[in-house]
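Welcome! Take a moment to look over the sequence and the structure below, and then we can walk through a few of their features together.

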Amino acid sequence: MTVRTLAAALIVFAASAGIGGAQTYGSGTPPPRTTDVHALRALAQAREIHERFEIGLGAERQGAWAAAAPEFERIIALRPGEPQFSTANYDAGIAYAHLGRLDDAARAFRTAIGGDPEFLAAMANLISVDLSRGDLREARAVADRFITLAPDSARALYSRGIVALRQGDTAAARVSFGRLLQSDPQYALAHYNLAIAQTRDGRYAPAEQELRIALDLAPSYSRARFALGTVLLREGKRAQARAAFDAVARDPGGDVALRNLAGAMRDAITTP
Amino acid sequence: MSRLWARIVLSGVLLITVCGGAAAGIAGASSVESALEGALQPSAAPALLGPITEAGRKGWACKPEQAAAARTVRQAELPDAAAP
């Protein structure tokens, strides 16, 4: 009887130990294993940076740019190491750009690249901001570096081509868009931009060819059709030019200013 | 005598009219050319790439950095012909 009682007691004890083990709770945030003031301060700062990134990115996801910017400014002021420093500057740059603070945005992207010299996304965004604020010199320098680091990047080639066209460097634009078309011949905008460069150089026949390809790829591309009309007019093909302008003027989905200009061009062309 | 003056005045008026018309024509042609040049602009600059988490640009999950390095137009998030 005593043996049986002892065995039953052991079974009950073993079972209760298992239940007790299943009821233990893991600690979410481990307590700091230090009492050192500097170490505790560093832990608190790391936590603040993490939380501010979460809040700032959440605000950017909602388009609340004015709320996002101070979160990244505070992170930058805390001078975290990489990659957080360059990333906070990058994210601040996006918020500034959406707030129309283009100079601040350019400075933030520039600082991000300074912290991480191979930060391609920051280069891409700096070029876009520089194009908006008219700093073509910096845009070109960054685009050249972007191409050097990522020679096959579609965005690098496109951005450099656009900057070159704005600068009037048609030779560089032709090279950039030509290389982009080698990797993606179906990209209508690259054909269009290549045609713009050729038109500015007075190379109307190849420009016409590129514009016709662009329109085959994107028949509703009104700006390319208008450019085709202009090239045809310069080639002396007045009837075809008139037809191109007429098509743009009649396009219900086209830009109103472009439609009006196309209508005026169509009416001004007298065909024999 | 008065006929002579009338001829001189008429000739002057005609000359002014012709010169004015020619000048207006040149100005008109120039404005048409500038309008055409204004319409022959490059397509839009690429839109901004999106935010990056505190983990930074290195890593498989960083889409903006991947878009910046992408070889294809689609992955690079470049403008399309519908919104040039």
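Which are the buried residues of helix 11 of chain A? They are Ala207(A), Glu208(A), Glu210(A), Leu211(A), Ile213(A), Ala214(A) and Leu215(A). Buried means that 20 or more other C-beta atoms, placed from the backbone, lie within 10 Å of the residue's own. Helices are DSSP runs (H or I, at least four residues), numbered from the N terminus.

A note on reading this: the model is predicted, local features need pLDDT of at least 70, side-chain atom pairs count only at pLDDT 80 or more, and totals for chains, interfaces and linings use all residues. Residues are numbered from 1 along each chain as its sequence is written, and chains are lettered from A and ligands numbered from 1 in the order in which they are written.

Ala214(A) touches residues including Ala188(A), Tyr192(A) and Ala224(A); contact means C-beta atoms within 7 Å, placed from the backbone.

Ala214(A) and Leu211(A) are also among the residues touching the most other members of the largest nonpolar core, which has 89 residues. Such a core is a set of buried Ala, Val, Leu, Ile, Met, Phe, Trp, Tyr and Cys residues joined through C-beta atoms within 7 Å. Helix 6 (residues 120–133) of chain A gives the most to this core, with nine residues.

Finally, the contact between the chains takes 48 residues from chain A and 32 residues from chain B. On the chain B side, helix 2 gives the most, with five residues.

Notes. A residue is buried if 20 or more other C-beta atoms lie within 10 Å of its own, exposed if 12 or fewer, and partly exposed in between; C-beta atoms are placed from the backbone. Helices (H or I, at least four residues) and strands (E, at least two) are DSSP runs, numbered from the N terminus. Two residues are in contact if their C-beta atoms, placed from the backbone, lie within 7 Å. Lists of a residue's contacts leave out its neighbours within four places in sequence.
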